[in-house]
Amino acid sequence: MAEQATSLKNRSLRPQPSPSDRRSRMKAVANNLILHLHPTQIPRPALKLTYTWGLGGISTLWAFILILSGILLMFRYDASVERAYTSIQFLETQIPFGSLLRSLHHWSGNLLLITTFLHLMRVFYNGGFKKGRATNWLIGITLLLLVVTFNFTGYLLPWDQLAFWAVTVGTSLLNYIPIVGGVISGFLLGGTEVGQNALRNFYAIHVSLLPATLILLMAYHFWRIRKDGGISQPERAKGEKVEKLTTIPYLVQIEVTAAMLLITTLFLWAAQVPAPLEALANPAHPPNPAKAAWYFMGLQELLLHMHPLAAMLLPGIVLFAIAALPYWDTRSSDIGIYFRSKKGLTIAITGVVFSLILVPLLVLVDEWWIDLPLMLPFLSTLISNGLIPLLLSLGGLAIIYYFLRGIFSATHSEALVGLFTFVTFSLFILTLIGVFFRGPNMALVMPF
Amino acid sequence: MTQQTTQTDTSKMTRRNFLQLGAGALGLLALLEMGGASLAFLAPRKIEGEFGGVVKAGDVDSFPAGSVTEFPDGRFFLIRADDGGFLTVYRRCTHLGCSVSWEADKNQFVCPCHASQFDFYGSVENPPAPRALDTFAIEIEDGQVVVDTAKPQTRDEFEANQLVYT
C-alpha cells in the first residue's frame with residue numbers, strides 16, 4: 001500500500017498542489033486542456049456579472065447536461081411509431097430516475113433556448129459583434145438556429161399529440177418555399193406525411209448530426225473569442241491601464257459557483273415539474289387548439305395573420321438583417337457600451353413601448369376588423385394576405401427606424417438598437433399572445 | 001519574387017499546374033460523388049402498404065345523398081351531393097397539413113390548427129387556407145365506389161364537374 005503510494009507520487013496524474021503565485025496560476029490555465037479555453041488573465045471589468053450575465057457559460061452548462069442526459073435517454077428509447085410512446089411511458093413509470101432524466105433533458109433544452117437567445121441580445125446590446133467579431137457573431141447565430149432545430153427534432157420523439165401536430169405544421173410550412181420547399185420537406189419526412197420515416201430521420205438528426213455539429217461549432221465559437229482578443233471591452237483612452245486578474249481563481253471560482261447553483265436549481269425544478277407527455281399521437285384528430293411548441297408560438301401567431309410564405313419571409317428577412325449586423329452597423333467606437341450610449345437606452349425603452357402598443361393593437365385589428373382577402377377579392381391571397389402585410393410590416397419597421405433617428409436625433413447605431421428592441425419584444429409579445437390568449441380554433445380568449 | 005513566379009506559372013500550363021488542377025478536379029469529383037451517394041442513400045422511399053393505395057369505399061347505395069362519410073385509414077371524406085354525385089376530399093388541410101374534421105351541425109369542415117373552414121364541397125369559407133381541400137380520383141365499378149389515394153389533386157375551389165356520377 002505505502003509502496004504504491006510512493007510510486008504514484010511521481011506520476012503527472014497525481015493532483016498538483018494548487019498554484020499560489022500569479023505565474024503558476026497562469027501556467028495552470030495554459031497547460032490544462034479545458035481551462036485553456038480561457039485566457040490566462042482577464043481585465044477586471046470583463047468579470048463584472050452585469051456585463052456578460054454569464055449567458056454564454058450558462059448555455060454551455062445546459063449543453064453539457066443535455067449531452068449527458070441525452071446519452072442516457074438513448075439507451076431507453078425506441079424510435080419506432082409503435083414503440084416510441086410506450087418506451088417513454090415505461091421510462092416515466094418503471095425505470096429508476098427515468099422521469100427525472102427526461103425532465104432534466106426537457107427543461108435544460110428549453111433553458112438552453114432561452115439563454116442562447118438572451119446571449120444574442122446581450123452581445124447585441126453591448127456591441128460584442130463589432131471590431132472584427134463578425135465571424136463569431138455569425139457562428140453564434142448558427143448555434144442559436146441549431147438549438148432551435150435541436151428542440152424541434154426532439155419534440156417529435158415522444159410521439160404524442162403535441163409532437164405529431166407541431167411537426168406536421170412545421171414541415172408543412174416548408175412546402176410554401178418555392179421550388180425547393182417540397183423536396184426539403186420530403187427528405188426530412190422521408191415521404192409526404194409524418195410517419196415512421198419521419199420519426200427515424202428526426203431521431204438520427206437529433207442524436208447524431210446535430211450534436212456533432214453543435215460540439216464542433218461550440219469549440220469554434222470559443223476559440224474565436226480568444227482569437228478576437230477576448231470578450232468585447234469598451235475602448236480605453238491612450239495610456240489608461242486596466243487591471244488584469246488571473247483566471248485562477250477569479251473567473252474559475254465564479255464559474256464553479258454559478259454552475260453549482262444552476263445545477264441545484266435545475267434538479268430541484270426538474271424533480272418537481274416532470275416533462276409533459278400528452279396522449280398518443282392520433283393522425284386523424286389534432287387537438288383543439290393545436291399549438292406548436294412555445295418557442296414557435298410567435299411564428300404560429302404570424303401564420304394566423306399572413307400567408308405562410310409571408311409569415312416565413314418576415315422572420316427570415318429580420319434574421320438576415322441581424323446576421324448582417326456587423327456589416328450594417330460598422331461604428332466601432334461604442335463597442336462594449338450597453339445600448340451604445342445613454343440615449344440608446346432611452347431609444348431601447350421606446351422600442352419596448354412601441355411593441356407593447358403596436359403588436360396587440362395590430363393583432364386585434366386584424367382579428368376583428370380587417371380581412372384583406374375579403375376586402376380585395378380580385379387579388380390572389382398570395383398578394384392580398386401575403387405580399388401586402390409583408391410590405392406593410394417592413395414599411396412599419398422602416399418608419400420606426402426613421403422616427404427614432406428624427407425624434408432622438410439618434411445615430412445609425414442607436415436607431416438600430418431601437419429597431420432590434422422593437423423586433424425582439426414583438427416576438428416576445430406574439431409568443432405571449434399565442435401561448436396564453438389563443439383558445440379553441442385559435443380564437444382570441446382571456447387566459448383566466 | 002514568389003508572387004512573380006506564381007503569376008508566370010498561371011499563365012502557362014506547367015507540369016505542376018497541371019497536376020494541381022488535376023488533383024483539384026478529382027477532389028471535386030470525389031466530393032460530388034459522395035454528395036450524390038449520400039443523397040441517393042437518404043432519398044425518401046415508399047413503404048409498401050402505406051397510405052397511397054386504392055380504397056374500396058363501399059356500395060354506392062350505402063351513401064345517402066347529402067352525406068359525408070369519413071375514411072380514417074384512407075385519409076379522406078366521401079361526400080355525396082344532394083343530386084347523387086360523389087366527391088372525395090383529402091383530410092389534410094391545405095394551409096399547414098392538420099387533419100380537418102367534419103362538423104355536421106355547422107355543415108363545415110373545420111381545421112383546429114389555424115381555424116380554416118371549408119364548406120360541404122371543401123371550398124374555403126374562412127382562410128387562412130389558400131385553396132379548397134384536395135380531392136382524390138373516384139371510379140364507380142360494379143356499383144362500388146373506388147377511391148385512388150395515390151395522388152391528391154389540387155383545385156382552387158369546387159366546380160360541378162368534379163362530381164362523379166354512377
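Where is the place of Pro249(A)? Pro249(A) sits in helix α11 of chain A. Helices here are DSSP runs of H or I with at least four residues, strands are runs of E with at least two, and both are numbered from the N terminus. The structure is a predicted model, in which local features need pLDDT of at least 70, side-chain atom pairs count only at pLDDT 80 or more, and totals for chains, interfaces and linings use all residues. Residues are numbered from 1 along each chain as its sequence is written, while chains are lettered from A and ligands numbered from 1 in the order in which they are written.

The peptide bond from Ile248(A) to Pro249(A) is cis, with omega near 0°. Ser409(A) belongs to the loop between α17 (381–407) and α18 (412–436) of chain A. Most residues other than glycine have a negative phi, and most peptide bonds are trans.

Helix α6 of chain A covers residues 98–125. Its 28 residues should span 40 Å at 1.5 Å a residue, and the end C-alpha atoms are 40 Å apart, which agrees. The expected span is 1.5 Å times one less than the number of residues. Gly127(A) follows α6(A) and has a positive phi, near 70°.

α6(A) packs against α11(A) (residues 247–272) at an angle of about 120°, with the axes 9 Å apart. Axes are lines fitted to C-alpha atoms, for helices over the stretch in contact, and angles run from 0 to 180 degrees between N-to-C directions. From α6(A), Leu100(A), Ser103(A), Leu104(A), Trp107(A) and Ser108(A) meet Leu266(A), Trp269(A), Ala270(A) and Ala271(A) of α11(A). Contact requires C-beta atoms, placed from the backbone, within 7 Å. The contact residues comprise seven nonpolar, two polar and no charged. Ala, Val, Leu, Ile, Met, Phe, Trp, Tyr, Cys and Pro count as nonpolar; Asp, Glu, Lys and Arg as charged; the others, Gly among them, as polar.

Chain B contributes 18 residues to its contact with chain A, and chain A contributes 28 residues. On the chain B side, 12 are nonpolar, four polar and two charged.

Chain B also holds an open sheet of four strands, with antiparallel pairing in the order β5-β6-β7-β8. Strands pair if DSSP finds at least two bridges between them. The edge strands of chain B are β5 (101–103) and β8 (124–126), each pairing on one side only. Three bridges join β5(B) to β6(B) (residues 108–110). There, Ser101(B) stands opposite Val110(B).

Note on methods. Contact = placed C-beta atoms within 7 Å.
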